[in-house]
Amino acid sequence: MTIDLAAFAKEKGVKYFMISFTDLFGGQRAKLVPAQAIADMQEDGAGFAGFATYLDMTPAHPDMLAVPDPSSVIQLPWKPEVAWVAGNCVMEGQDVAQAPRNVLRRLIADAAELGMHVKTGIEAEFFLLTPDGEEISDPFDTAAKPCYDQQAVMRRYDVVREICDYMLELGWGPYQNDHEDANGQFEMNWEFDDALRTADKHSFFKFMTKSVAEKHGFRATFMPKPVEGLTGNGCHAHISVWDAPGADSKVNVFATDKGEGQTGELGLSQKGSHFLGGIMKHASALAAITNPTVNSYKRINAPRTMSGATWAPNTVTWTGNNRTHMVRVPGPGRFELRLPDGAVNPYLLQAVIIAAGLSGVQSEANPGKRWDIDMYAEGHKVRGAPKLPLNMLDALRAYDRDKELKAMMGDEFSAAFLKMKHQEWNSFVSHFSNWEKENTLDI
């Protein structure tokens with residue numbers, strides 16, 4: 001049953017709606033719509049100039065309309081007179097193929113045709129910094145191994161508690177919060193859900209976390225590597241496939257009694273093994289989506305951090321319950337992709353997981369050898385496994401070469417993404433840095 005947003009506003013005391021969409025670079029764009037106007041907006045959408053955001057459009061393009069998906073509506077717990085609702089981008093009556101939420105919706109439909117309903121959970125890591133972004137917000141957070149630091153998490157209790165209280169109020173099922181491996185870094189976990197709902201929650205979580213941090217005089221950042229020498233912000237994704245969406249799901253398609261083979265003995269079904277095989281097959285190209293910024297490659301190719309480990313992969317390998325690989329299978333019926341970072345677009349993350357996984361299922365891809373070793377100490381023993389891209393340009397080139405993944409994600413999306421990301425890379429390399437003067441001035 002479709003939610004009537006006007007009736008929702010009247011019942012909940014909502015005065016304004018934020019009709020929101022996410023562009024190719026993960027930027028969250030919104031219009032603030034009075035509740036009195038929401039009925040028309042629910043029908044026709046809120047108008048945007050696509051060129052004014054990071055979409056591959058020109059000023060000559062017609063209006064792009066963000067049509068709210070009422071099933072996604074969330075009343076802001078910290079400002080209840082406002083409600084947030086995700087919008088699907090439409091132009092002249094057609095879905096905008098490059099819009100990230102539309103890419104995900106199409107892939108979810110493709111998976112459903114094969115009887116596969118992807119459910120995911122994500123681990124969103126973030127730093128709390130000073131408002132100028134220059135320093136960690138807590139000057140006493142200086143331990144060499146700060147992960148799970150009891151004192152440090154309690155010094156930021158007011159921020160963490162407020163965000164967690166809101167997730168409890170929203171019914172997300174949050175179940176743990178902790179100080180992470182870097183000074184000033186935190187992670188908050190909530191229950192897994194259908195891929196689109198997880199993407200909407202992920203998008204809203206970033207908005208909520210930044211808003212609460214600002215309220216307390218801090219700045220929350222999901223930047224992959226905001227502080228040199230410290231562990232970066234990951235966004236690990238836990239993946240399973242079910243027989244139906246939502247509450248109708250009964251059977252985990254990935255789960256099996258422990259069987260034969262390197263995946264079967266970990267409780268991963270043949271279909272789960274093929275899905276994992278697709279992730280492994282497309283990993284180098286996948287990185288262009290899961291690690292989408294210049295800064296991303298400071299995380300996955302980082303030297304050992306102050307805590308003694310980066311907690312990020314740099315090689316395309318998988319394992320059992322071992323956090324030093326790109327993928328781990330911590331238990332029956334699911335696996336964890338540890339490649340994505342905090343800058344990942346919430347919708348494109350879910351989309352590319354489904355695209356690569358479906359490719360693997362359709363081609364019966366083999367995930368390759370399981371490596372039950374400490375990759376940080378014994379990675380040199382691995383022969384034949386590809387290294388992950390060293391920089392954003394290498395990742396973009398890998399994505400461009402992967403014709404199958406590009407087609408799965410959609411030709412129009414892929415062309416727009418590659419065009420705009422190459423522009424971003426060109427902007428980066430044209431920047432004149434102090435490093436160049438320091439290392440070249442006297443040559």
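These legends describe close-up views of a predicted model. Local features in this predicted model need pLDDT of at least 70 and side-chain atom pairs count only at pLDDT 80 or more, while totals for chains, interfaces and linings use all residues. Residues are numbered from 1 along each chain as its sequence is written, and side-chain values use heavy atoms, with hydrogens and water left out.

**View A. Helices α3 and α11 pack in a left-handed crossing.** The axes of α3 (residues 100-113) and α11 (residues 346-363) come within 8 Å and cross at roughly 30°, which makes α3 roughly parallel to α11 (angles under 35 degrees count as roughly parallel, over 145 as roughly antiparallel, 65 to 115 as roughly perpendicular and the rest as oblique). On the α3 side, the residues that meet α11 include Val103, Leu104, Leu107 and Ile108, and their partners in α11 include Leu348, Ala351, Ile354 and Leu358 (contact means heavy atoms within 4.5 Å). By class, this contact of α3 with α11 has twelve nonpolar, one polar and two charged residues.

**View B. Helices α5 and α6 pack in a right-handed crossing.** Helix α5 (residues 157-170) and helix α6 (residues 195-215) have axes 10 Å apart and pack at an angle of about 140°, and they are therefore oblique to each other. Val159, Glu162, Ile163, Tyr166, Met167 and Leu170 in α5 meet Phe204, Phe205, Met208, Thr209, Val212 and Lys215 in α6. The residues of this contact of α5 with α6 comprise nine nonpolar, one polar and two charged.

**View C. Helix α8 is largely enclosed by the rest of the structure, because nine of its twelve residues are buried.** The term buried means under 20% relative accessible area, whereas exposed means over 50% and partly exposed lies in between (1.4 Å probe, protein chains only). Among the buried residues of α8 are His274, Phe275, Leu276, Ile279 and Met280. At 1.5 Å a residue, α8 (residues 270-281) should span 16 Å, and its end C-alpha atoms are 16 Å apart, which agrees (the expected span is 1.5 Å times one less than the number of residues).

**View D. Trp311 and Glu364 are loop residues with positive phi values.** Trp311, in the loop between α10 (297-300) and β14 (318-319), has a phi near 60°, a positive value in a residue other than glycine, and is partly exposed, with a relative accessible area of 34%. Glu364, in the loop between α11 and α12 (375-378), has a phi near 50° and is exposed, with a relative accessible area of 58%.

Conventions: Axes are lines fitted to C-alpha atoms, for helices over the stretch in contact, and angles run from 0 to 180 degrees between N-to-C directions. Helices (H or I, at least four residues) and strands (E, at least two) are DSSP runs, numbered from the N terminus. A crossing is left-handed if the near helix is turned anticlockwise from the far one by less than a right angle, and right-handed if clockwise. Ala, Val, Leu, Ile, Met, Phe, Trp, Tyr, Cys and Pro count as nonpolar, Asp, Glu, Lys and Arg as charged, and the others, Gly among them, as polar.
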